[in-house]
Amino acid sequence: MSGNFSGGRIEAALQLSGAAQNRAVLESWQRCEQRFGLAHDTLRRPEVMPESQTRQLRDRNGRLYHHAHDLVRTLYRKIDASGYAVFLTDNKGVILDSVAAHSLLPAFRTNGLLPGAVWSEEREGTNGIGTCIVEGRAITIHKDEHFLSQHSALTCTAAPVFSPDGEVCSVLDVSAVRDDIKRTDCLRVRGMIADYAEALERILFFDERAGDIILHLHPESQHVGSTRDAMISIAPDGTISGATSMARRILRAASSSSDIRDVFEMDVDSLLAKFANQSAGRKHLHADIGRDQADPAMAVNIAGGGVLFGSITLPEKLRRQFVGRATSMPIPVKPVHAPTPETEMPDHDPALRRIFDIGSRLHARDINILMSGETGSGKEYLARHIHDAAVGKSRNFVAINCAALPEGLIENELFGHAGGAFTGAARDGFGGRIREANGGTLFLDEIGDMPLSAQGRLLRVLENRTIEPLGSTKSVPVNFRLMCASNVDLAKAVTNGTFREDLLYRIKGARLAVPALRERSDLADLITRLLGSMAAGVTCDEEVLAMLVAHRWPGNVRELLNMLQYACVFAENGVIRRDHLPDDFKVMASEADAKMSPMQTMKHAEEVALRQLLDDQKWHISNTAKSLGIGRNTLYRRMARLGIEKA
Ligand SMILES: Nc1ncnc2c1ncn2[C@@H]1O[C@H](COP(=O)(O)OP(=O)(O)OP(=O)(O)O)[C@@H](O)[C@H]1O
């Protein structure tokens, strides 16, 4: 460690956090001292641009500011904890927009967190915004990890937003000036901000690359066309004009070339022909959709070996060459047979399986479904499995998160527009995402956040089964099955006047409550499965498994996924041990342990061990009993005592 650091603050910071975090903080502190000439006790007033200059900066970042406006406010509502504020910055760390409770504004202002303030590392030392720009990844800078002592009251968690050319163009930051914030409190927030930053990246990508061919890619075919796929844009001359950060990660190993022939071993004409041939085979399905989506996705070879699955979105003028006129697509009633390996949902939790069964039957009969459940519990995941079982994997599944779309953009995104409908509209128009769901399923997540005007138009689409793009007088027939999800109480929203009652009655044909992760009985099994899909061969030892099973997971499966991804990076010899978990998680686990009585701890350990054994024996009761040297009835009694139900 550098001997330049005085006063032991770096050691304190290092003790506070995990290995990746340590490195980031250490390197940032080195920059502050050696490159920027800062000292811990440097006292400086925040640099805040005059309002006119901030306005100019907003105008210069017009698209970013416009698209992020509602998203920042939704994120603020979702964090749902007092004392936090949300900030949006430009690529240099200048705050463009902020949302905070009115009563807290003075405290944030005193600490320099206000529009126009410059939060680059060079100016303010190690901090959430500035260090996130340098690191290019989500990061938390907790109190004493700030280089300047004057910022040690702050806790900042930030995630970068990337432009299509791969540069950080903005940062989403959630900060607090409360004394009692622990690092552990930031875990849930970090996953959430990273998701919102990625949603903003996708919106900017679609907006800025609307004139290019967009290739959607994912290693697993079912994720192509979802909000999780990777996207690259291809200019008509075959050069790669942009890529989302996910695409950069996936393709980094293949090639850094910007010529698609080097990446996919085919030129742009062959690529178009490949997807057009596929469209022709599915003409009735895709003739009317705005987005020419591969369904099922097609395999695309990657230069140097490897295969991804892909589909394309064509700009309107190319689309006309490949697809015909609009028709509504009938959806046959598909009897729900016993699931095949293709449509099987791999989860064992009985409650989740039950709602999967019920949901599949209802969806096959075109009965609308309204899901509830905590954030990250898997509502979209379940909706996709229900769609696969009830409508078929070969049909489109279009998921839209209404909360992640800015109010000004949502109607356009859902219903599309005619060419030249408004200033900035695509010259040839845009079909809208509801039309993409034609013949398949439309999943509207966070429908409670849909603006009232869009609710009215959606209701008309549901009643008339036709859609009228903005600026067009022609109705286009559409046919799709509907599933919705909401974290807010829609009945209350009706009372408050933010949700239409008639729409609520239309969408809530049947209600399904997705269990929170902590309520599930198959957690150990889920952990093993997720690890298997992430890094072949990585497992966790018994202690870690017990810690993970005991955690309450407020961010549910999303939080679990983040945690496992983190741990996989540090796993040694294919095993995740306690040391490989983030320190803040370990602190939280020991606090929880301390609250358990010795009897509870023992019972818990016994439950984890027995579940693991049952998993190993594929829940074969006789074999498990034999391996324990006990009778089947004794095993059943033991399972009942520990609250383990047969999977
Ligand atoms: N049972 C599961 N098995 C594997 N992965 C899952 C499971 N449930 C959820 N996931 C994964 O966890 C993440 C969050 O799930 P999903 O988006 O479906 O949650 P959600 O309830 O719709 O969240 P939100 O309310 O925030 O929209 C996704 O990456 C999803 O693929």
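Here is a short tour, starting with confidence and moving on to a strand, a helix and a helix pair.

This is a predicted model, with local features needing pLDDT of at least 70 and side-chain atom pairs counting only at pLDDT 80 or more, while totals for chains, interfaces and linings use all residues. Residues are numbered from 1 along each chain as its sequence is written.

**Colour by confidence.** The protein's mean is 81, and 83% of its residues reach 70 or more. Helices here are DSSP runs (H or I, at least four residues), as are strands (E, at least two), numbered from the N terminus. Now pick residues 1-17: pLDDT stays under 50, and the model has 23 contacts for them beyond four places in sequence. A contact means C-beta atoms, placed from the backbone, within 7 Å. Residues 320-327 are also below 50, with 17 contacts beyond near neighbours in sequence.

**Select Y84.** You'll find Y84 in strand β1 (residues 84-89). Is Y84 buried or exposed? Y84 is buried, because 23 C-beta neighbours lie inside 10 Å; the cut-offs are 20 or more other C-beta atoms within 10 Å for buried, 12 or fewer for exposed, and partly exposed in between, with C-beta atoms placed from the backbone. Beyond four places in sequence, Y84 touches I79, V174 and A176. Show the C-alpha distance to A176: 4.7 Å in space, for residues 92 apart in sequence.

**Back to α7.** Six of its eight residues are buried, so α7 is largely enclosed by the rest of the structure. Then step on to G136, which follows α7 and has a positive phi, near 65°.

**Finish at α14 and α15.** Show residues 350-364 (α14) and 379-390 (α15): the two helices pack at about 55°, axes 9 Å apart. Axes are lines fitted to C-alpha atoms, for helices over the stretch in contact, with angles from 0 to 180 degrees between N-to-C directions. That angle makes α14 oblique to α15, as under 35 degrees is roughly parallel, over 145 roughly antiparallel, 65 to 115 roughly perpendicular and the rest oblique. For the contact itself, select F356, G359, S360, H363 and A364 in α14, which meet L382, H385, I386, H387, A389 and A390 in α15.

Key: Two residues are in contact if their C-beta atoms, placed from the backbone, lie within 7 Å. pLDDT is the predictor's confidence in each residue, from 0 to 100.
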